[in-house]
Each structure stands twice: as structure tokens, then as C-alpha cells.
Amino acid sequence: MKKTILMVILGLALSTSSAYAVGSLIQTRDAAVTQRENHIASREAKISQVQANISEDLRQRAEKEITRRVTFLNELITKLNTIKKISSAEKTDLQAQIQAQIDGLNALRTKINADTDNVTLKTDVKSIIDNYYIFLFFRVKVSLLIAGDRSSTVVSSLNGIYTKLQTRVNQVQTSGGDLIVLNSLLSDMNAKITDATTQITVTQTELTPLTAQGYPGNKTTLTDARSKIKNVNDELKTAYKDAMQIRTDLGGEKIKNPEASGSGDQKFEKPRPLSTP
Amino acid sequence: MDNNLGATQMIPPLSQTPPQKSNLGRNLIVAVSAILIVIVLIGTGYILFFGNAKKTTYTAQVYNQPTTAVMPTVIPTPSTYQVNVKDTSDNAINKDTQAVDQNLNSLDTDLNNVDQSFNDQQTNLQ
């Protein structure tokens, strides 16, 4: 009997301790699981935060680039209005193309700001990169057209000055003055103006048919147009210097100027220094 | 008992009415204030009316003074300047060359813009 009681007590003690041990193990495991879950949740929160920061950064950079392009394109539209040497049809067409770009960029900006997932955001931002060539093409082409137009204006003015100086030199010739240097300068001035005119025409002809879709294939043509306009600039500066030199050389000669009001005889005043390099 | 009651009944004291204050001081203050307000209003009106009138007169004097006409320096506007080929006077050629000079400077700026457009760098979006 005693033995039985002892066995029961022992059994009870064993089962209790076993249950306690199992309970402790479960508790420990649950705590570990909870800790692990918390850790995972914390890591996921950090990842989400990092992704959100990356998205925000990307969004801000996209916004900056879109604003930059829209500002430039709007400036191009304004500048196009000042160009006189291209047809109004071409001007209107270019302005419409640029405006379409502006509208597209503004729509993209709205979409990017509304994007909620990173994949869509990255796709939209990538489209900004992919369409960069269109913006670049318009910027280069319009800049070249503006420079070409300005060159034409200078050519027109220099042609007028050349005619006037030629008239004055002829008057010196009538008075029996020495014309070798003056004629040489006039000849050089005329040659430079003529060559500049030809190069401007060629430049405008090669620029006109270029389209954004043809970029960067047509980049060589744009580069060529740039070097031509730079040559034109150099030639026009030389022609201008010739004109100033002729004025200086005519300074000592009293000549008849039938078009000038007042007395017929006149003398060139000392010309002001050339400010153009 | 009743008689005692009647004998001991207190005669209520005569209410002492406060001596009637004279309104003279108050009226005097009101009158002085009114006079002061009227003086201030008249003074303000005078300053506003005659002050402006004097100012107008002064301005008119300034404007009526004979002025020397300051001729603006004629600087030909780039791009819009037109050379008159028939006018071969010194003055005309001076204006023409000034216009060319300005346009050549502007052409330098245009060419800088061309170079900048070729070297354009977009924001890093990678």
C-alpha cells in the first residue's frame, strides 16, 4: 500500500514537473517566435522607410529635371518668336512641337507625383531619361537658329555699311586720294560678308529639315551647323574691323557727301574703340 | 402693555437727503471739451485743406519751371536696327557700327548658348 502511494506521488511529481518543463519550453518558444516576428516587422518597416526615402528622392530629382526642361522649352518658344529669317509656318510647327513636349512633361510630372508603387515610379522616371534626346534636340536646334538669325542681321547691317563706305571711298577717289589700302580693306570686307552670307544660307538650309526623331543620328549636322555659325561670327568680326579701319583711314580725307545735310565737306570723326573682341 | 408699546415706538429718523450737487462743474467740463473738439476739428480741416492747396501750388511751380530737355542717348536696338543706305553721314555710320557692335556681342552670347546646349547635362535620375 505504502509502495503504491509512493508510486502515485512520484508519478504526480514527475507529471507535474514534466508539464512545467513543457510549459516553460512552449513559453520560451513563443517568446522567441514573438521576438523574431517583431524583428521581421521592424526590418520590414526599415525597408519600407528606406524604399519610401528612395522613392521620394527619385521623385524630387524627377521634379527638378522636369522643371528645368519645361523652363528651357518655354524660353525656346519665346525666343522662336524673335527669329525673323525662318518662315512663320516653320516657326509655328516648331512651337507646336515644343509645346507638345511641355504638355507631355507636365502630364508626366502629375503622374509621378501620384505614383504609389516604386515600379511604376521608376518606369515613369525612366521615360524622362528616354525622352531627353527630344529636349536636347530642340534646345540645340533653336539655339542654332537664333545664332543664325542674328548673323543674318549683322550681315544685313554690314552690307549697308559697306555700301556707305564704298560711296565715301569713291568720293575720296574723285578728290584724288590714295585708295590702295582703302580698296583692299573694302574688298576684304565684301569677301567676308559674302562668305558669311553663303554659310548662313547653307546652315539654315541644313537645319530646317532636322527633326527630333532623327536625333542623335542628325547630331553631326547640328555640330556642322555650329562650326559654320562660328566661322560666320569670325568673318563678321573681321568685316566689322575692316569697316572701322576704313573709317579711321578716311579720317584724314575731306570728302564730299551730297547726302549729308549742312555743308557738303565733311571729315570722319575719330571712331570709338572696338568693344567686340 | 399696548401703551408701553406705543410709548417705546421709535420715531424713524428723518432721512438725510444728501446735499444737491451743483451741475455747474460738470457742465463746465462738457462745454470746454466741446470747444476743444471743435477747435481740433477746425484745425485738422484747415491743415488738410490748405496744406494740400499749398502742396499743389508748390508742385505746379516745380512743373512750371523751364526744364532743359535731356536728349536720350540713341543706342540702336540690336536686331531691329535698319541701316539707311542713303545716309552716308558720319553720324549715320556711327549708329550703324554701334548697332553692328551690339549685335556681334549678342551673337557671342548666342554662340555661348549654342555651346551650352550641346553640353547640356540632365539631372541624374538613375
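**The contact between the chains**

A: The contact draws 46 residues from chain A and 31 residues from chain B. This is a predicted model. On chain A, four helices each supply at least two residues of the side that touches chain B: α1 (2–82), α3 (118–130), α4 (132–174) and α6 (219–250). Of these, α4(A) gives the most, with 20 residues. By class, the side of chain A that touches chain B divides into 20 nonpolar, twelve polar and 14 charged residues.

Now the partner. Chain B has three helices and zero strands. From the N terminus on, its elements run α-α-α. Chain B has 126 residues, and 14% of them count as buried.

Back to chain A, and to α3(A), one of the helices on the side that touches chain B. Helix α2 (residues 88–114) of chain A packs with α3(A) at an angle of about 155°, and their axes are 9 Å apart. The angle is over 145 degrees, so α2(A) is roughly antiparallel to α3(A). The crossing of the two helices is left-handed. From α2(A), the contact uses A:Leu108, A:Lys111 and A:Ile112. From α3(A), it uses A:Leu121, A:Asp124, A:Val125, A:Ser127 and A:Ile128. Sorted by class, the contact of α2(A) with α3(A) has five nonpolar, one polar and two charged residues.

The C-alpha atoms of A:Gln60 and A:Ile112 are separated by 9.8 Å, although the two residues are 52 residues apart along the chain. A:Gln60 sits in helix α1 of chain A. A:Gln60 has 11 other C-beta atoms within 10 Å, so A:Gln60 is exposed. The cut-off for exposed is 12 or fewer.

Next comes α5 (residues 180–207) of chain A. Helix α5(A) has 28 residues. From its first C-alpha to its last it reaches 40 Å, close to the 40 Å expected at 1.5 Å a residue. Its buried residues are A:Leu182, A:Leu185, A:Leu186, A:Met189, A:Lys192, A:Ile193, A:Ala196, A:Gln199, A:Ile200, A:Thr203 and A:Leu207. An α-helix has 3.6 residues a turn, so residues three or four places apart point the same way. The buried residues of α5(A) pack against α4 and α6 of chain A. Both α4 and α6 of chain A also supply residues to the side that touches chain B.

Note on methods: Residues are numbered from 1 along each chain as its sequence is written. Chains are lettered from A and ligands numbered from 1 in the order in which they are written. This is a predicted model: local features need pLDDT of at least 70, side-chain atom pairs count only at pLDDT 80 or more; totals for chains, interfaces and linings use all residues. A residue is buried if 20 or more other C-beta atoms lie within 10 Å of its own, exposed if 12 or fewer, and partly exposed in between; C-beta atoms are placed from the backbone. Two residues are in contact if their C-beta atoms, placed from the backbone, lie within 7 Å. Ala, Val, Leu, Ile, Met, Phe, Trp, Tyr, Cys and Pro count as nonpolar, Asp, Glu, Lys and Arg as charged, and the others, Gly among them, as polar. Axes are lines fitted to C-alpha atoms, for helices over the stretch in contact, and angles run from 0 to 180 degrees between N-to-C directions. Angles under 35 degrees count as roughly parallel, over 145 as roughly antiparallel, 65 to 115 as roughly perpendicular and the rest as oblique. A crossing is left-handed if the near helix is turned anticlockwise from the far one by less than a right angle, and right-handed if clockwise. The expected span of a helix is 1.5 Å times one less than its number of residues.
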